[in-house]
Amino acid sequence: MAILVFVESAEGKIKKTSIEAVSYAHAMGGGVTAIALGSVDKAELENLGKYGAQKVLHVADERLNQGLIQAYASVLSKAFKDENADILVLANSSLGTPVAAKVAIQAGASLATNVVELPNTSSGFVVKKSIYTGKAFSLVELSNAKKVIAIRKNAAEIKEVGSPASVTPYSVTLSDADFSTKITATEKATGEILLPEANIVVSGGRGMKGPEHWGILEDLAKSLHAATGCSKPVSDLGWRPHHEHVGQTGVKVAPQLYIAIGISGAIQHLAGVNSSKYIVVINKDPEAPFFKAADYGIVGDAFDVVPKLTEAIKALK
Amino acid sequence: MKILVCISHVPDTTSKINFVENNTKFDSNGVQFIIGPYDDYALARAIELKEASGATVTVLNVGLADTEPTIRKALAIGADDAIRVNAEPVDSLFVASQIAEHTKGVGYDLILMGRESIDFNSGVVHSLVGELLGMPSISPVMKLDIVGSAAKLSREIEGGKESLELNLPFVAGCQEPIAEWKIPNMRGIMSARTKPLKVVEASAVSSGVKLQKYELPPAKGSVKMISADNVQELVSLLKNEAKVI
Ligand SMILES: Cc1cc2nc3c(=O)[nH]c(=O)nc-3n(C[C@H](O)[C@H](O)[C@H](O)COP(=O)(O)OP(=O)(O)OC[C@H]3O[C@@H](n4cnc5c(N)ncnc54)[C@H](O)[C@@H]3O)c2cc1C
Ligand SMILES: Nc1ncnc2c1ncn2[C@@H]1O[C@H](COP(=O)(O)O)[C@@H](O)[C@H]1O
């Protein structure tokens, strides 16, 4: 079985979700080839070998420093064919998911997105997908010879299994059509831990009363190397940027730890957090529905509890 | 301008999810169905474009006859006509193929969908349709402005957003704040009853994906409560029991 893994990068560094994709492919067994596009640090590419890539292809075309879906799909379809790969593995993301769909059509492959664990190959090839916004799973059989699998965060554990790999340049002739959609500007929070990738998320709701009180959440987040999130009303009111809004209609997170502060726990909010490993709820109302979905809970005033918690965590380190 | 809006017919966001027939079928007992919340944004933006520049808006759903009340609601919100492709929407590629099949040759300038359905959540039908029709597809789109035969969009990416420019036609998967959800008024509801809703048969497509069964996540254990005066205890539980900090 030959597996091709599409690895994404940002500012020259391979994304953690893509390292998970390499680990996922390695755990499946078979030959693993990773492919990266655009400018990426050489050491980062070589390091993919440690996680199980036997071969690393690099398309060092600077035009691909922008995540152009069409062009990326053309490159990956060609590599899928050239490498004679049976399976393409990538991380679900704003770039990975549309690329997966396009490559699946171009290659005539079975497609599964939101895959949460390794396939079961005891009879056929069965993957488990998250559906109904995390409220259920489906087990589906992928029956075509070629398969494209987009995995969710935590679908595989990152493990060092080998030594650095050598990097092979790879090139593809792209057409004008590949560049017909122009990216004219990119605004990105820099230096922060990105919410969809964070291991710990500190999230605030309407109970925080106003944007001027976010400082105590940011301090807590900083002490834990966490990303900050919020409930929908908080982003609707403009207290926080839209990309921090967690839930059914926002970002679905899957961190090790989700700390919900002043959030009531409406079903639409829970839909975005129910893949978290542990949930801590801080709310002044003991009847808040969020406690039913929590592992640990504190009934109390956020303005009193959160600074104390931050101090206790700082003291630990 | 001709706009197509593809809508899914999905359980209301507060629904409890259960399965029947050995976990192979969704239990629709007592469940209220709605237009997918993201699809509702797509529809709202289409209606705004119609109001601003006189477009025609067609809605399409791949579903069995029970989805017609949902389709009528989209007509009540302001779509001009509707198509129902008569088939169970078993999987993303199946749905996308039906949409592409019934779109070819009609000359839509813009195909709007939601960023994802809230049942399958695949988030790929728009990308698949774009690929099948040889058009670009962009998702999730938070802002969409049409200027002549070109469009300016903004799309959410991890931790930020991207501004894009491209020419019509294309497919877009929409999300807030692209438009405000629209609520049908009495006149809309009355006129929706007589607007054309065409039912067409589905074409055979093999998508290479077959459902085996559904599963529910394991039930959550009970919550451990900690006193607000003892945050230290929470810290040690997180460190020693959960091992997450
Ligand atoms: C179709 C649809 C989609 C939706 N999608 C989403 C979504 O994606 N994400 C989302 O979040 N919501 C979503 N919602 C909205 C959702 O139903 C809730 O309205 C929302 O989650 C409530 O946000 P909240 O918990 O911040 O506010 P509230 O419900 O107002 O809760 C505030 C909480 O703060 C507590 N509190 C107040 N003061 C303090 C204090 N000093 N210290 C500690 N606690 C305090 C209160 O006890 C209360 O529990 C959606 C709704 C619909 C209809
Ligand atoms: N059965 C369907 N009929 C029409 N459009 C659909 C259907 N299912 C999904 N869509 C559209 O495709 C988008 C993405 O769906 P999905 O890929 O299932 O997450 C949805 O937001 C809808 O706009």
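Guide: Let us begin with polar contacts: a polar contact is a pair of N or O atoms within 3.5 Å, and within protein one atom must be able to donate a hydrogen and the other to accept it. Please keep in mind throughout that this is a predicted model.

Visitor: How many residue pairs are in polar contact between chain A and chain B?

Guide: Between chain A and chain B there are 35 residue pairs in polar contact, counting pairs with both residues at pLDDT 80 or more. On the side of chain A that touches chain B, the residues divide into 35 nonpolar, 28 polar and 17 charged. The count of salt bridges between the two chains is 5, and one salt bridge joins the side chains of A:K102 and B:E131, with 3.2 Å from N to O.

Visitor: How is the size of an interface often given?

Guide: The size of an interface is often given as the accessible area lost when the parts come together. Here the area buried between chain A and chain B is about 6,700 Å², and carbon and sulfur atoms give 58% of that area. Of the area that chain A buries against chain B, A:Y132, A:L139 and A:Y296 supply 11%, more than any other three residues. In terms of residues, 80 from chain A and 75 from chain B take part in the contact.

Visitor: Which strands of chain A and chain B pair, and in which sense, parallel or antiparallel?

Guide: Two strands count as paired if DSSP finds at least two bridges between them. In this case strand 9 of chain A, residues 136-142, pairs with strand 14 of chain B, residues 209-215, in the antiparallel sense and over 6 bridges. Within that pairing, A:V140 stands opposite B:L211 of strand 14.

Visitor: Where does ligand 1 lie, and which residues are closest?

Guide: Ligand 1 lies between chains A and B, and of the 28 residues that surround ligand 1, the closest are A:R206, A:K209, A:S231, A:S264 and A:Q268. A polar backbone atom of A:R206 is 2.7 Å from an oxygen atom of the ligand, while a polar side-chain atom of A:K209 lies 2.7 Å from a nitrogen atom of ligand 1. A polar backbone atom of A:K284 is 3.2 Å from a nitrogen atom of ligand 1.

Visitor: What kind of peptide bond joins B:S139 and B:P140, cis or trans?

Guide: The bond between B:S139 and B:P140 is cis, with omega about -10°, and B:P140 has its place in strand 9 of chain B, residues 137-147. The peptide bond from B:E176 to B:P177 is also cis, with omega near 0°, and B:P177 is found in the loop between strand 12 and helix 5 of chain B.

Terms used: Residues are numbered from 1 along each chain as its sequence is written. Chains are lettered from A and ligands numbered from 1 in the order in which they are written. This is a predicted model: local features need pLDDT of at least 70, side-chain atom pairs count only at pLDDT 80 or more; totals for chains, interfaces and linings use all residues. Side-chain values use heavy atoms; hydrogens and water are left out. Contact means heavy atoms within 4.5 Å. Buried area is the accessible area (1.4 Å probe) that two parts lose on being put together, summed over both. A salt bridge is a side-chain nitrogen of Lys or Arg within 4 Å of a carboxyl oxygen of Asp or Glu. Ala, Val, Leu, Ile, Met, Phe, Trp, Tyr, Cys and Pro count as nonpolar, Asp, Glu, Lys and Arg as charged, and the others, Gly among them, as polar. Helices (H or I, at least four residues) and strands (E, at least two) are DSSP runs, numbered from the N terminus. A residue is near a molecule or strand if one of its heavy atoms lies within 4 Å of it.
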